[in-house]
Amino acid sequence: FARMFVQICLYFYCKCLWRCLKFVVRKLTGQCELQRICYNTKPGAARTMKIEASLKGSKSKRLQTSVNVHPDAIEKTIDDIMELKRINPDVNPQLGVSLQACLLQIVGYRNLIAEVEKLRREPYDSENPQHEEMLLKLWKCLKPNSPLKARISKQWCEIGFQGDDPKTDFRGMGLLGLYNLVYFAEWDTEIAQQVLTDSLHPKYRDVTKKELSQLSKAEWEKKKFDKAIGYSFAIVGINITDLAYNLLVSGALKTHFYNVAPEAPTLTHFQQTFCYLMHEFHKFWIDEDPLDIMEFNRVREKFYKRILRQLQNPEMALCPHFAASESLINM
């Protein structure tokens, strides 16, 4: 109880002290916090995240709710902010432009979460022609020279589904998993096909003379040709969709999206990020050199933490221009 009481006292003390400091700085500079951020911080995640924190932490309810307005109401919201802060828009024309760009990103990120969540919650329906069409498009993009013999077929295992009907594998991520896989296969076809090919083949490992002397013939064969690269492409894609989804809803992707989307981030930005994560996870999996697929969760967790560390850099953009990784082509 004593510790909690001290923490509460410190919280209110710091909060009051912070407000006093803001008041003093405004009097000295003649600028409010929003002005100082926009004039002293370059555009991108650093500026937008500071603006977002400033608005949410304001004592004014109007400023707090400004990050939740509809995109069509942003211009009016900017006018309200300028009026509330007693800022003359004619004297500070650039401030309104900067605030508008930041609010578009903030509101757009929130709307993107809602759009992604809607797709995640929508189950795959084999009776829906659009769902079925997307699933067949995935096959055609990944296996253009191998016609699918039947809708229910063991052939689906060739692209990494667990059984003869892929619909059961989309339960965790719903349509979002399918949307991402189709986007990857359709817009980054060469890389998607290369990753699929790699995932189907074992990796050759050099065995040293010392190892050879200590191994039986059966153990040597297992070491020589292990299945470390081998993983189920589609299942991993759905798993990486889950990883991207967690990065999005936790707010970790704000750094990336605020740096790559000049205005509101869209579903396309999210799908491009998924493609990047698929590229990078494939390389990371190979570099980690796991013994078998049973190490997938360990490798995934390590990869997730690496991406989180990268996103802590306010200047980080995971895939600023979204180009296929040439290093994958040459693998």
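## A tour of the aromatic pairs

Start by selecting residues 223–228 in this predicted model: pLDDT stays under 50 over that stretch, for which the model has 18 contacts beyond four places in sequence. Now move to residues 322–331, where pLDDT also stays under 50 and the model has 25 contacts beyond four places in sequence. For the protein chain, the mean pLDDT is 85, with 81% of residues at 70 or more.

Next, the rings. The structure holds 15 aromatic pairs. Select tryptophan 139 and tryptophan 156: their pair is edge-to-face, with 5.6 Å centre to centre and 75° between the planes. Tryptophan 139 belongs to helix α7 (residues 129–142), while tryptophan 156 sits in the loop between α7 and α8 (174–187), so this pair ties together parts that are 17 residues apart in sequence. You will find both tryptophans buried.

Now show tryptophan 285 with phenylalanine 296. The ring centres are 6.0 Å apart and the planes are at 45°, so the pair is tilted. Tryptophan 285 is in helix α14 (residues 267–288) and phenylalanine 296 in helix α15 (residues 296–311), so the pair ties together parts eleven residues apart in sequence. Tryptophan 285 is buried, at a relative accessible area of 0%, and phenylalanine 296 counts as buried at 10% relative accessibility.

For the last stop, select tyrosine 109 and lysine 254. Lysine 254 lies over the face of the tyrosine 109 ring, at 5.7 Å from the ring centre.

Methods. Residues are numbered from 1 along each chain as its sequence is written. This is a predicted model: local features need pLDDT of at least 70, side-chain atom pairs count only at pLDDT 80 or more; totals for chains, interfaces and linings use all residues. Side-chain values use heavy atoms; hydrogens and water are left out. pLDDT is the predictor's confidence in each residue, from 0 to 100. Contact means heavy atoms within 4.5 Å. Rings of Phe, Tyr and Trp (its six-membered ring) pair if their centres lie within 6.5 Å; planes under 30 degrees apart count as stacked, over 60 as edge-to-face and the rest as tilted. Helices (H or I, at least four residues) and strands (E, at least two) are DSSP runs, numbered from the N terminus. Buried means under 20% relative accessible area, exposed over 50%, partly exposed in between (1.4 Å probe, protein chains only). A charge sits over a ring if NZ of Lys or CZ of Arg is within 6 Å of the ring centre and within 35 degrees of the ring normal.
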